[in-house]
Amino acid sequence: MDKFVSREGLVAPLDRANVDTDAVIPKQFLKSIKRTGYGPNLFDEWRYLDHGEPGMDNSKRPLNPDFVLNQPQYQGAQILLARENFGCGSSREHAPWALLQYGFQAVIAPSFADIFFNNSFKNGLLLIKLDVKTVDRLFKEAAAQNGYRLAIDLADQSVTTPGGETLKFEIDPFRKHCLMNGLDEIGLTLEHADKIKQFETKRREQQPWLFN
């Protein structure tokens with residue numbers, strides 16, 4: 001997965017609380033055995049005016065002009081601003097996959113559902129918790145200013161507003177290490193590749209009958 005050290009990006013404000021994972025990526029898109037291709041169906045039931053199914057040509061589907069991601073000023077957004085309890089509902093890694101594949105690299109909200117929180121970090125999506133009052137203020141600033149952008153510095157654990165205000169956030173040191181070094185669970189295992197190889201060689205010598 002890609003390293004996350006610092007990012008500066010356009011903010012898309014999704015002004016809804018308790019956004020569940022079925023809203024993030026509806027259940028019919030979980031049929032695919034691939035890990036790619038979910039970006040066009042992110043928030044499918046809100047983005048489009050028709051019912052979506054896997055394999056449809058999304059470029060020909062009618063868009064909902066009232067939905068935030070379809071509005072011109074938020075095209076190319078990399079940071080999603082959300083309300084409390086984002087990612088609640090059923091467990092599915094497809095939710096962070098869809099957010100990442102759409103182009104989001106971070107989500108800022110007052111709180112996140114636990115399973116979604118863990119799945120996101122495992123897949124390289126940074127989730128930032130800020131208090132309710134601060135998030136509410138960011139929503140107001142984003143609404144008042146077209147092209148509203150935030151700068152995220154993971155090393156410093158800070159978010160900087162266009163006005164120069166620095167907002168600090170907490171993150172588990174292990175998750176921070178993984179994001180900054182682009183390490184998913186496979187990458188973490190491969191960091192110990194030499195030790196694994198030594199173990200396998202030693203075991204083959206000590207118990208050769210297991211390998212016949």
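A residue is described as buried when its relative accessible area is under 20%, as exposed when that area is over 50%, and as partly exposed in between (1.4 Å probe, protein chains only). The model is predicted, so local features were required to have pLDDT of at least 70 and side-chain atom pairs pLDDT 80 or more, while totals for chains, interfaces and linings use all residues. Residues are numbered from 1 along each chain as its sequence is written, and side-chain values use heavy atoms, with hydrogens and water left out.

Aromatic contacts are considered first. Rings of Phe, Tyr and Trp (its six-membered ring) are paired if their centres lie within 6.5 Å; planes under 30 degrees apart are termed stacked, those over 60 edge-to-face, and the rest tilted. By this criterion the structure holds 10 aromatic pairs. In one of them, the ring centres of F86 and F116 are 5.5 Å apart and the planes stand at 70 degrees, so the arrangement is edge-to-face. This pair links distant parts of the chain, F86 being in the loop between β2 and α3 (94–102) and F116 in helix α4 (residues 114–122), 30 residues apart. Helices (H or I, at least four residues) and strands (E, at least two) are DSSP runs, numbered from the N terminus. Both partners are buried: F86 has 0% relative accessibility, and F116 has a relative accessible area of 2%. F86 and F116 also belong to one aromatic cluster, formed together with F112, F117 and F121.

Charged groups are also placed over rings, a contact assigned if NZ of Lys or CZ of Arg is within 6 Å of the ring centre and within 35 degrees of the ring normal. The charged end of R16 sits over the ring of W46, 3.9 Å from its centre. R7 lies over the face of F4, at 4.6 Å from the ring centre.

Salt bridges, defined as a side-chain nitrogen of Lys or Arg within 4 Å of a carboxyl oxygen of Asp or Glu, number 12 in the structure. Among them, R149 pairs with E8, with the closest N and O atoms 2.8 Å apart. R149 lies in strand β5 (residues 149–153) and E8 in strand β1 (residues 6–13), so this bridge ties together parts that are 141 residues apart in sequence. Both residues are partly exposed, R149 at 34% relative accessibility and E8 at 43%.

A further bridge joins D50 and R61, whose closest N and O atoms are 3.0 Å apart. Both residues lie in the loop between α2 (44–47) and β2 (79–81), so the pair ties together parts that are 11 residues apart in sequence. D50 is partly exposed, with a relative accessible area of 27%, whereas R61 is buried at 6% relative accessibility.

E165 and R137 form another salt bridge, their closest N and O atoms being 2.7 Å apart. The bridge connects distant parts of the chain, with E165 in the loop between β6 (158–160) and β7 (166–168) and R137 in helix α5 (residues 132–144), 28 residues apart. E165 is partly exposed at 33% relative accessibility, and R137 is partly exposed at 30%.

F211 lies in the segment after α8 (193–206) and is partly exposed, with a relative accessible area of 36%.
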